[in-house]
Amino acid sequence: MNTIENRCRLVLIAPDMPDAAERAKVLTDALKGGDVASVIVPQYGLNETDFQKHAEALVPVIQQAGAAALIEGDTRLAGRAKADGLHIAAGADVLAEAIERHTPKMIVGGGNATDRHHALEIGELRPDYVFFGRTDGDIKPEAHPKNLALAEWWASMIEIPCIVMGGTDPQSALAVADTGAEFVALRLAVFAEPGQGPSVVAAVNALLDEKAPRFED
């Protein structure tokens, strides 16, 4: 196991940009900054046709960088765009159906775990990961304390990996790593100033390399 796989890794939430080509370029540049495990692509209010256009532009970019491309919500579009998986933010019923239909061919993970009860309900479905927070939940510099507490509880007792939504400050990644979570998701911390994406990704990886706790083999 190399050093990156042995500590909390970065997950990116694709930025909200109306132009598909610009979105692809900004994401391409950010991915050059260093290790990214996966990229979640939300719909951001786009209609199905436009969302497909965005997904088809982003998925190859993500995969060429060695990351997994996860489409939020739209199972049909994920298949058409040849994505690696699905991020399901709806309830356990929707997640259960997606797991039944698409695993193990695709990665299927679940969000909307707002408390321990819902987290365990999701965990019983055996998704590939559980997501604490919302993909657009980075509204403060720090990660939400409730999500950090859930992640610490989860990581201490459940083997299913978890992703925790960080804050708008790249330094929030370290607070997530300190919970024992396998992944930290960042959006505005990386993309608020698109030209800074590569340097932020590099800085977050350096921070995690230096200070994130290591997982036991």
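Helices (H or I, at least four residues) and strands (E, at least two) are DSSP runs, numbered from the N terminus.

The structure is a predicted model, in which local features need pLDDT of at least 70 and side-chain atom pairs count only at pLDDT 80 or more, whereas totals for chains, interfaces and linings use all residues. Residues are numbered from 1 along each chain as its sequence is written, and side-chain values use heavy atoms, with hydrogens and water left out.

His-54 counts as buried because its relative accessibility is 1%, where buried means under 20% relative accessible area, exposed over 50% and partly exposed in between, for a 1.4 Å probe and protein chains only. Leaving aside neighbours within four places in sequence, His-54 is in contact with Met-17, Pro-18, Asp-19, Ala-20, Arg-23 and Leu-46, contact being heavy atoms within 4.5 Å. Ala-177, in helix H7 (residues 172-178), likewise counts as buried at 1% relative accessibility. Residues up to four places away in sequence not counted, Ala-177 touches Cys-8, Leu-208, Ala-212 and Pro-213.

In helix H5 (residues 116-123), Ala-119, Ile-122 and Gly-123 are buried. They cover an arc of only 100° around the axis, so they lie on the same side of H5; the arc is that of the directions from the helix axis to the C-beta atoms. The buried residues of H5 pack against helix H4 (92-102), strand S6 (129-132) and H6.

The loop between S5 and H5 holds Asn-112, which has a positive phi of about 65° although it is not a glycine, and which is partly exposed with a relative accessible area of 39%. In the loop between H5 and S6 is Arg-126, also a residue other than glycine, with a positive phi near 60°; at 58% relative accessibility Arg-126 counts as exposed. A cis peptide bond, with omega about 5°, joins Thr-103 and Pro-104, and Pro-104 lies in the loop between H4 and strand S5 (107-110).

**The pockets**

On a 1 Å grid over the protein atoms alone, a pocket is an open set of points where a 1.4 Å probe fits, with protein on both sides within 12 Å along at least five of seven lines, and lining residues have an atom within 4 Å of a point. Grid points are joined across faces, edges and corners, and a volume is the space filled by probe spheres set on the points.

| Pocket | Volume | Lining residues by class |
|---|---|---|
| Largest pocket | about 450 Å³ | seven nonpolar, eleven polar, six charged |
| Second largest pocket | about 180 Å³ | eight nonpolar, one polar, two charged |

In these classes, Ala, Val, Leu, Ile, Met, Phe, Trp, Tyr, Cys and Pro count as nonpolar, Asp, Glu, Lys and Arg as charged, and the others, Gly among them, as polar. Helix H6 (residues 145-157) gives the most to the lining of the largest pocket, with three residues. The lining of the second largest pocket includes Arg-9, Val-11, Asp-128 and Tyr-129.
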